[in-house]
Amino acid sequence: MTETTFKLNGETRTVKGPHNQRFLDVLRRDFNLTAAKEGCGEGECGACSVLVDGKLINSCLLPLANVAGKTVLTLEGYRTTERYKMLENAFLKEGASQCGICTPGMIMASEYLLSHNKNPSDFEIRHALAGNLCRCTGYNMIIKAIKRAAKEGAALW
Amino acid sequence: MVNTHRVTTLQDALRYLDENDCYIVNGGTDAMVQHRSWAETPVAFPKDTLFIHDIKELNYIEAMPETFKIGGTCTYESLLFHPGCPKVLKACLELFASPGIRNTATLAGNIANASPAADGLLVLYALNAQIVLQSRNNKRILPVMDMITGLKKTARNKDELITEIVIPTTSFTHSYFKKIGGRKSDAISKVSFTGLARVESGIIKDIRLALGAVNITVVRRPEIEQDLIGKKVTDVISMISDIKARYEPHIKPIDDQRSTSRYRKTVAMNLIETFMKQLAQ
């Protein structure tokens, strides 16, 4: 049986099972980490977004083999950080979460953006969220929330 | 149930390819969708599978005065943020998929997949890119036009791996990339177009047009381009309808869920005209 070892939310983990599993399934089934959602299963919606070595990745397109030796952060790991709290507060204040399905992916995409660009413009935010769909279409509130987080949390990123 | 093997060195990859007939997975963004199975079950790759994305020695970008070289496991996001990335490639990558896909998808994978709608491939055609194919005992270099042999078909032998993409450094006075998709980002092209030209003192010194998603492979017609080289830009403007008529037989798009043949053909023709008009500006 194939073994794959990686760091998940700060802890070293080993998964026994085929390399050709989708990492999204491993997260949800083996680790009961259900923040990452399956929306489309083909990289269109971003609901399954996680950070791998600090980079935003669609976990539905990620074979388990490509996670070996990497450091993975899911929303469950991220939510203990100050940065998360800043984003959560900003999303709440701006009403940026409606049905909530897209929110975990939106938060991970926001973190990926802010970790590279502390003070993004509206255009840059829209660009960074290009792979995250919100079917409640609350995009303007999400953009406002990211701007608020960037402003109020300037020291965090 | 297929066997899978993951490698982290080029030597191991080439040895495995020499000894096994296998399907290669790089970043996985196309492969994982193409062979998607029932939810929560492993992806059903067609045969034994080799995972090559973690070959670190192929994860590089080398910007030299004469060439821009891209390693076989280098992702699109690394390319996009590299200061030496050719302008037209950068213009393409800004609209290419989404950050989450660009962080794992590779240019080498885009070539190997040989989709007629591959935006990366379109730009490589226009830039006269060369593809380095390596096997256990051999290494050969093919122009991208010879690498792609048909719809989703390439000249890669089963024991070979795309190890590098070489783009010759060329300066252009005109650089135009246009993608027509259902939305601005994260869309598969309905039609895509790349136009490059070097115009000096009103004379065309170099010109390249490439069209995507309008035939089984990217359309580039060197014989039409050759006839334009040496011409005055002002004369070319009056030749636009002739130029379009010469491209017309090669623009043979299909009807599919993304668009219609008629729309694609009309847009492709309009893009040729737009680019030719830009040359005079």
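**Figure 1. The two domains of chain A in the predicted model.** Chain A is divided into domain 1, residues 3-77, and domain 2, residues 81-152. The C-alpha centres of the two domains of chain A lie 21 Å apart. Their contact takes 15 residues from domain 1 of chain A and 13 residues from domain 2 of chain A. On the domain 1 side, the largest share comes from strand β3 of chain A (residues 49-52), which gives three residues. By class, this side of domain 1 of chain A has nine nonpolar, four polar and two charged residues.

**Figure 2. The contact between chain A and chain B.** Chain A puts 29 residues into this contact, and chain B puts in 27 residues. On the side of chain A that touches chain B, the elements that give two or more residues are α1 (23-30) and β4 (55-58) of chain A. Of the elements on this side, β4(A) gives the most, with four residues. The chain A side divides into eleven nonpolar, eleven polar and seven charged residues.

**Figure 3. An open sheet of five strands in chain B.** The strand order in chain B is β4-β5-β10-β6-β7, and the pairing is antiparallel. The edges are formed by β4 (61-63) and β7 (139-143) of chain B; each has a single partner strand, so one side of each is left without a neighbour in the sheet. On average, neighbouring strands of this sheet are turned by 20° against each other, direction ignored.

**Figure 4. The pairing of β6 and β7 in chain B.** Strand β6 of chain B (residues 130-134) pairs with β7(B) in the antiparallel sense, over five bridges. Within this view, V132(B) stands opposite I141(B), a residue of β7(B). Strands of a sheet pair through backbone hydrogen bonds, in either a parallel or an antiparallel way.

**Figure 5. A97(B), a residue with positive phi.** A97(B) lies in the loop that runs between α4 (87-94) and α5 (99-102) of chain B. Its phi is positive, about 50°, although A97(B) is not a glycine. A97(B) counts as buried because it has 24 C-beta neighbours inside 10 Å, and the cut-off for a buried residue is 20 or more.

**Figure 6. A213(B), a residue with positive phi.** The loop between β13 (203-212) and α9 (222-228) of chain B holds A213(B). A213(B) is not a glycine, yet has a positive phi of about 65°. With 29 C-beta neighbours inside 10 Å, A213(B) counts as buried.

Conventions. Residues numbered from 1 in each chain as written. Chains lettered and ligands numbered in written order. Predicted model: local features only at pLDDT ≥ 70, side-chain atom pairs only at ≥ 80, totals over all residues. Domains from an automatic or database assignment. Contact = placed C-beta atoms within 7 Å. Nonpolar A, V, L, I, M, F, W, Y, C, P; charged D, E, K, R; others polar. Pairing = 2+ DSSP bridges. Axes fitted to C-alpha atoms, helices over the stretch in contact; angles between N-to-C directions. Buried ≥ 20, exposed ≤ 12 C-beta atoms within 10 Å, placed from the backbone.
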